[in-house]
Amino acid sequence: MAQIILLIGFLIVLGLIWRLFKAPDQEGRATYELLERSAMPSEIASARLVYSERTLHANHPKPLVARVDQVYLTPAGLLVPVETKRRYRRAIYTADVIELSVQAAVLANNHEVSRVSRQVADYGYVRIAAEGRNPVYLRTPLLDQG
């Protein structure tokens, strides 16, 4: 009988410890989500995240591979790529535009992606997320796919 009481006590303590460590994580995620969505342009703040940290392939018009940071599906049905950079300077570089443009080309020519949407935006966002700062989203036009 004493062993059963000891086991029940152990399980209660274990449950309390688990809740102590789990609660801040859930609150942290909710806080992160609120902060992130409030920093986003309204177009993607109201969008659905469809890809995150995913490698995609396309074979047409040329074989291409792109690793997307995030891709959002807007309420208008557009796929919008977002590339995260961990730098302090709030600027868009040519390399960022090229990277997002390749991602858009792969999105436009990937048969799996076409099940989500056939329309890819002709712009993307560079998300500047320097440590200790709130994220900033900078919109940039992409290179012509033609």
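Visitor: What makes the meeting of the side chains of Glu-83 and Lys-85 a salt bridge?
Guide: The name asks for a side-chain nitrogen of Lys or Arg within 4 Å of a carboxyl oxygen of Asp or Glu, and for Glu-83 and Lys-85 the distance from N to O is 3.6 Å, so the pair meets the definition. Please keep in mind that this is a predicted model, in which local features need pLDDT of at least 70 and side-chain atom pairs count only at pLDDT 80 or more, while totals for chains, interfaces and linings use all residues. Residues are numbered from 1 along each chain as its sequence is written, and side-chain values use heavy atoms, with hydrogens and water left out.

Visitor: Which network of salt bridges do Glu-83 and Lys-85 belong to, and are these two residues buried or exposed?
Guide: Glu-83 and Lys-85 are linked with Glu-99 in a network of salt bridges. Both Glu-83 and Lys-85 are buried, a word that stands for under 20% relative accessible area, whereas exposed stands for over 50% and partly exposed for what lies in between, with a 1.4 Å probe and protein chains only.

Visitor: How many salt bridges does the structure hold, and which parts does the one between Glu-36 and Arg-127 tie together?
Guide: The structure holds 6 salt bridges, and in one of them the side chains of Glu-36 and Arg-127 meet at 2.7 Å, N to O. Because Glu-36 lies in helix H1 and Arg-127 in strand E5 (residues 123-128), this pair ties together parts that are 91 residues apart in sequence. Glu-36 and Arg-127 are both buried.

Visitor: What makes a stretch a helix or a strand, and how many of each does the protein have?
Guide: Both are DSSP runs numbered from the N terminus, a helix being H or I over at least four residues and a strand being E over at least two. The protein has 3 helices and 6 strands, and from the N terminus on they run α-α-β-β-β-α-β-β-β.

Visitor: Why is Val-50 called buried, and why does Glu-53 have another label?
Guide: Val-50, which has its place in strand E1 (residues 48-58), has a relative accessible area of 19% and is therefore buried. Glu-53 is also placed in strand E1, but its relative accessible area is 43%, so Glu-53 is partly exposed. The phi of Glu-53 is near 50°, a positive value in a residue other than glycine, while most residues other than glycine have a negative phi.

Visitor: How far is Val-50 from Val-71 in sequence and in space, and what holds for Ile-128 and Leu-138?
Guide: Val-50 and Val-71 are 21 residues apart in sequence and 5.8 Å apart in space, C-alpha to C-alpha. Ile-128 and Leu-138 are 10 residues apart in sequence and 7.7 Å apart in space, C-alpha to C-alpha. Ile-128 has its place in strand E5 and, with a relative accessible area of 3%, is buried.

Visitor: Why is Arg-67 called partly exposed?
Guide: Arg-67, a residue of strand E2 (residues 64-73), has a relative accessibility of 44% and so counts as partly exposed. In space Arg-67 lies 7.3 Å from Gln-103, C-alpha to C-alpha, although 36 residues part them in sequence.

Visitor: What makes Ile-5 count as exposed, and how much of the protein is buried?
Guide: Ile-5, which lies in helix H1 (residues 2-39), reaches 55% relative accessibility and therefore counts as exposed. In the protein, buried residues make up 36% of the 146 residues.
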